[in-house]
Amino acid sequence: MFETIDHVGVAVLDLERVAGVYGAAFGMPVVHRETVESQGVEAALLGIGDAHVELLRPLGPETVVGRFIAKRGEGLHHVAYRVDDIDAALAGLREAGVELIDTEARVGIRRSRVAFVHPKAVAGVLTELVEPAAELDH
Ligand code: CO
């Protein structure tokens with residue numbers, strides 16, 4: 001059901017500066033950029049093996065990531081796991097009694113389907129499920 005770590009989400013204020021550190025110092029290039037209005041973020045994906053670090057810059061202070069940074073500062077925001085069938089994965093979690101933020105998948109970055117598990121269910125770690133789009137259009 002859960003296949004691998006898809007990405008780790010990091011909340012940042014200065015996306016260019018942080019992307020520069022990953023790129024220049026860690027050799028992790030920006031492989032995709034996207035503004036996801038529905039989630040109130042500008043995102044950049046940095047490649048590492050088959051996975052990514054997802055930098056998230058809030059579009060405003062009243063967004064989810066904006067409120068996160070106001071409360072806790074920049075830093076690790078969520079861990080995302082790749083699944084092949086997000087509907088089945090969500091059904092399985094519901095059956096297991098795991099508290100969900102999203103009971104239905106919604107559209108995420110790169111036309112993936114995503115849903116969030118409540119951090120209360122996972123020791124305070126905001127957890128995302130990602131079903132990648134069948135074909136990636138980078
Ligand atoms: Co994410």
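Visitor: Let's start with S8. Which residues point one way from S8, and which the other way?

Guide: Thr127, Leu129 and Glu131 point one way, while Glu128 and Val130 point the other, and all of them are buried. Bear in mind that this is a predicted model.

Visitor: Which strand pairs with S8 in the parallel sense?

Guide: That's S5, over four bridges. As one example of who faces whom, Tyr81 stands opposite Leu129 in S8.

Visitor: What about S7 and S8: parallel or antiparallel?

Guide: Antiparallel, with five bridges joining S7 (residues 113-117) to S8. Arg113 has Glu131 in S8 as its bridge partner.

Visitor: Zoom out for me. What's the strand order in the sheet?

Guide: The order is S2-S3-S4-S1-S5-S8-S7-S6, an open sheet of eight strands with mixed pairing. At the edges sit S2 (30-36) and S6 (106-107), each of which pairs on one side only.

Visitor: How do S1 and S4 run, parallel or antiparallel?

Guide: They run parallel, joined by five bridges. Ala11 has its bridge partner in S4, namely Leu56.

Visitor: OK, the metal. What coordinates the cobalt ion?

Guide: Four residues do: His7 and His78 through NE2, and Glu54 and Glu128 through OE, at 2.1 to 2.3 Å.

Visitor: Why is the arrangement called irregular?

Guide: The four donor atoms subtend angles of 85 to 171 degrees around the cobalt ion, and that makes the arrangement irregular. To count as tetrahedral, four donors would need all angles between 85 and 135 degrees.

Visitor: How are the donor residues spaced in sequence?

Guide: The spacing is H-x46-E-x23-H-x49-E. His78 in S5 (residues 75-83) and Glu128 in S8 (residues 127-131) are 50 residues apart, so that pair links distant parts of the chain.

Visitor: Is His78 buried or exposed?

Guide: Buried, at 4% relative accessibility. Glu128 is buried too, with a relative accessible area of 4%.

Visitor: Switching topics: which residues of helix H2 are buried?

Guide: Val65, Gly66, Phe68 and Ile69 are the buried ones in H2 (residues 64-72). Looking down the axis of H2, they fall within an arc of 160 degrees, so they line one face of the helix.

Visitor: What's exposed on the other side of H2?

Guide: Val64, Ala70 and Lys71 are exposed there.

Visitor: And what covers the buried residues of H2?

Guide: The cover includes four strands: S1 (2-11), S3 (41-48), S4 (51-58) and S5.

Visitor: Which residue just after H2 has a positive phi?

Guide: Gly73, with a phi of about 80 degrees.

Visitor: I like aromatics. How many aromatic pairs does the count come to?

Guide: The count comes to two aromatic pairs. In one of them, the rings of Phe2 and Tyr81 have their centres 5.5 Å apart and their planes at 35 degrees, so the pair is tilted. Phe2 in strand S1 and Tyr81 in strand S5 are 79 residues apart, and their pair links distant parts of the chain.

Visitor: What are the relative accessible areas there?

Guide: Phe2 is partly exposed, with a relative accessible area of 37%. Tyr81 also counts as partly exposed, at 26%.

Visitor: What kind of pair do Tyr22 and Phe26 form?

Guide: An edge-to-face one: 5.2 Å centre to centre, with 85 degrees between the planes. The two residues are four apart in helix H1 (residues 15-26), so about one helical turn separates Tyr22 and Phe26.

Visitor: Is Tyr22 buried or exposed?

Guide: Tyr22 is buried, at a relative accessible area of 16%, whereas Phe26 counts as exposed at 52%.

Visitor: Last one, also in H1. What is Leu15 in contact with?

Guide: Leaving aside neighbours within four places in sequence, Leu15 is in contact with Arg33, Glu42, Ala43, Ala44, Leu55 and Arg57. Leu15 lies in helix H1 and counts as buried at 2% relative accessibility. Leu15 and Glu42 are 27 residues apart in sequence and 8.4 Å apart in space, C-alpha to C-alpha.

Methods. Residues numbered from 1 in each chain as written. Predicted model: local features only at pLDDT ≥ 70, side-chain atom pairs only at ≥ 80, totals over all residues. Heavy atoms only, no water. Donors = N, O, S within 2.8 Å, 3.2 Å for Na, K, Ca; no water. Tetrahedral: all angles 85-135°; square planar, octahedral: opposite > 155°, others 65-115°. Buried < 20%, exposed > 50% of the residue type's maximum accessible area, 1.4 Å probe, protein only. Arc of directions from axis to C-beta. Contact = heavy atoms within 4.5 Å. Pairing = 2+ DSSP bridges. Phe/Tyr/Trp six-rings, centres within 6.5 Å; stacked < 30°, edge-to-face > 60°.
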